[in-house]
Each structure stands twice: as structure tokens, then as C-alpha cells.
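Here is a short briefing on one protein model. Look at the sequence and the structure first, then read the points below.

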Amino acid sequence: MDWYKEVEARKDDLIKDLVRLLEFESIKDLTTSEPGKPMGTTISDALEFMLERCSKEGFMTKNIEGYAGYAEHKTSNSDNYIGVLCHIDVVPATGEWTSPPFEPTIRDGKLYARGAIDDKGPTMAAFYALKLIKDLNLPLKTNVRLIFGTDEESGMSCMKKYEQVEKMPVAGFAPDAVFPIIHAEKGQINVFLSMENATITDDPGNRDHSYELLSFTAGTKGNMVPEIAKATIIGDIASISQEFKSYCSDHKLSCNSSITNEGITLTLYGKSVHGMEPQNGINAGLNLAHFLSSYSFQKEANQYLQFIDQYLYDDYVGSRLEISHSDEVTGPLTVNAGIFHFEMGERVKVQLNIRCPVTTPYLRTVEILGEKTAHFGFSIDEIREKKPHHVDKKHPMIQVLQKVYHEETSEEPTLLSTGGATYARFMKNGVAFGAVFPGKEMSAHQIDEYIEIEDLLKATAIYARAIYELGNLDFEE
């Protein structure tokens, strides 16, 4: 059967439904949380849209207290099923977009919107893949569920809830990464650091420093590279303003400064990318701290800036923190400094998102972090860990997906690993499978996020055949 031809016949409807899904500003907002809508109203609206759309096609649907939902194509009396784990929440759409991030726009064969590739485009592709199988009455030995999560970007509490109340799939995939197949995912250590409240010297004549840092902020999500950093400073405004411009010019960075009643505010612009690959972005917070570290500030500010400069600036593998590690399956450990917060009278904070290879010694890594950060007056407020995930390359599911990918694309079905965390880790036999093709840009978490229309159709065809093949495979639990 020509799977792509079948998808192409449904192209207009696929794009229409995807545009509607992309219009939901489904960012986690606990200020609008209520029973049945734990992540806020906009995410709840997006979930209800998907469940209603699936129900309209005749799939059995269920909303699990607003944390997640699923649509099942039931073809047997068994409670076993293949899972396709998707998410409809998105990260904030910060920065200057060419077109509004929640007004989907097609330009030059690309559909632009927040969530286009992460993960609403692949989610809709999976839905149309299963719809195609149902439309054509293709036989399946095993039931199939599309599972829609609502908190993938900030904790995955949705899937934790799901696995508490539902039996997990015997096998499946998350369409939330790259092709061909990601069979290994790094673990994570999310570290929340803080130091005592910052104070300011009241008596100008009793200062032993030239400047005072009133505030320093960058980043909104620990798993994103901060693209904007701001610092408000008291001191020789004219001098630091000129030197800041020269620094940014020398380092090819965009910036501006503005004088206020409080002092001068310096703003530096970087490039945001996913926290799993911080080396590919430009961390605005690290670069601004590096510039300021050569100036003399009050004690807490000096400690804060020196810590950032000495341990984090221009080091994305944890070498200076002495936590670097690497293995053959998942490669090197990476460190993303995702959130900075320094305000007078408030507790000073830094959040690190550390992606760990399969063989990382977690306990010792945390111990070293505590020792190193204490040198600058920091303490670890909280540690959140995610263990790594790995499916053996000999597993029948892997072999089926490799066959499908190769025959549908004529490309080698290479097995990959990633620093990203996907829903695949919730399944014993789960992998990440698309939807970004080899050699293509990964625009997730970036300004002007997009999915190529042609790639959307190709992914849908691949998913349809993959679901069909997996649904007719005999699994041993």
C-alpha cells in the first residue's frame, strides 16, 4: 500500500485540524488551575479539542482528571495496547516572532507556530495515522491508544498520573524528537540553588565597591537556554554603558541599555535552544554575568557573578564543576543554566538542568555539586532526578521500526541517543520516533518554531505504517 498517497489525500483536513490545535495558547498556568484543569484552562481547552476530535472519528476517549487523555482504537478484547504518547502543552513563546506564535502561518512550505514541531504537529500526524488505519479497516491484533499529556514541558506529572491509574502500553513510541529512532535517553538532574537574601549598602561613604547590583534576571524555564538577560546597576553609568556596548560588539551580541530612576538597566540578547543542547544556543545570562564579573559589586553580587563566571560560563559539559562524564551509549553530560534570579531583599537563585549519560554516578555528582556551589555561598534547595532510559537494539519493536523507516524513506534507520526527555521513558519498551528528519533544523523551543508541510505528511505516513506493523506484532510482556 502507498501510505504517503493515502496521507496526501487527507492533507487539507490534516492541516486544518493542526492549525486549530496550534491556536490554543496551551502554556502551563497554575493561576487558572481548578479541579479537572490542573495545568490551567488553555491546556484543558487543547486537551478537550483533541479528545472531541478523536471521539468524532469513533475512537473511545477518556479524560483522566485533566492530567492526560487518550483515544483508543479497540480491535481486541485484550487490555494490552500499543501506545503513541504525545503532548499538547508548549513552552512560553518569548522573543520577537516574525508572525504571532499562536496565529499559525504558512510561509514557503512551512507552518509556523509555537508547538508546530514540539509536539502538536507530530501529535496531529499520529492522530491522522490512526484515523487512516481505521478509515481503511486495516486489521490489528493489538489495540492502539493515542495518549495526550499536558505537562511534558515542566515535570511530566501528567504521565505520572496516567501510570498510576492506567495499565501502561506493551510497547510504543513518542513522536517528540527526531528520526530515525532514539532508543536511549539521558537522565536528568535538575538543581535548584539559592543563597541568602541580597542586601545593599545604605551608606555611600562606607562602600568598598564601585557598583551595586540591584537585579539580575534571565530565563523562564530550566530546560531552555535563556535568550534575554537584564541587570539593573547603580554606579558610573556612562562608563559601564560604553564598556557594555563594546563588549557586546566584540562578542557579536545584541544588546541595549536604558537609564531609569534606579540606575542603568543592561539588556543582552542571546539565542534560545532546548536545554538538552546548550552548546548550540547563546546563553544571555552567562554572557551578561561574564561581562559584569570584572566589576566590583557588593558581596552577594560578587559571589553570584563569580560563581556563574567561574563554573558555568563557556562550559557546557561540567568540567569546571568537576562533574563531566560520558559513555558510548548516550555521549557526554551537559549543563544548562536555565534560570537566574537576583533581586534586592529576595533569595538569590540559579537553576541548572543537567543531562546525564546512562552510566552517570548520580549520588557522587550531586555531592560534588553541593561542595562546589558552597564555595560561593550557595546551597542546594531541591534536587529533581530523572533516570536514563534504554531499549536494547535487538528488541522486536526496534527492528520493526527500523524496517518501516528504511522502506518508507530509503534512508538508514540508525539508532540514536538524546539528552532530551520524552514520554518514551514511561514505557519499558518505548522509543522516541520522529518527527524531525535527519539534516533538518530542530526549531523546538525557538523563535519562529515551524514544521515543514512535506515533512508533516511524510511523518504521518511513517506513523501509520508503524502503528499497523506494531499492532500486528506479538509481544511478550
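Pro180 sits in the loop between strand S8 (177-178) and strand S9 (181-185). Helices (H or I, at least four residues) and strands (E, at least two) are DSSP runs, numbered from the N terminus. The model is predicted, so local features need pLDDT of at least 70, side-chain atom pairs count only at pLDDT 80 or more, and totals for chains, interfaces and linings use all residues. Residues are numbered from 1 along each chain as its sequence is written, and side-chain values use heavy atoms, with hydrogens and water left out.

**Cis peptide bonds**

- Most residues other than glycine have a negative phi, and most peptide bonds are trans.
- The bond from Phe179 to Pro180 is cis. Its omega is near 5 degrees.
- The bond from Gly434 to Ala435 is also cis, with omega near 20 degrees.
- Ala435 belongs to strand S23 (residues 435-436).

- Asn137 is not a glycine, yet its phi is positive, near 55 degrees.
- Look for Asn137 in the loop between helix H4 (120-135) and strand S6 (143-149).
- Is Asn137 buried or exposed? Asn137 is exposed, with a relative accessible area of 66%. Buried means under 20% relative accessible area, exposed means over 50%, and partly exposed lies in between (1.4 Å probe, protein chains only).
- Asp314 is not a glycine either, and its phi is positive at about 60 degrees.
- The loop that holds Asp314 runs between helix H8 (299-311) and strand S15 (326-327).
- Asp314 is exposed, with a relative accessible area of 57%.

- Why is strand S18 (residues 348-356) largely enclosed by the rest of the structure? Eight of its nine residues are buried, so the strand is largely enclosed.
- Two strands pair if DSSP finds at least two bridges between them.
- Strand S10 (residues 187-195) pairs with S18 in the antiparallel sense, over nine bridges.
- In this pairing, Ile189 stands opposite Ile354 in S18.
- Strand S17 (residues 334-343) also pairs with S18 in the antiparallel sense, over seven bridges.
- Here His341 stands opposite Lys349 in S18.
- S17 and S18 form a hairpin, with four residues between them.
- Gly345 lies in the turn of this hairpin and has a positive phi of about 80 degrees.
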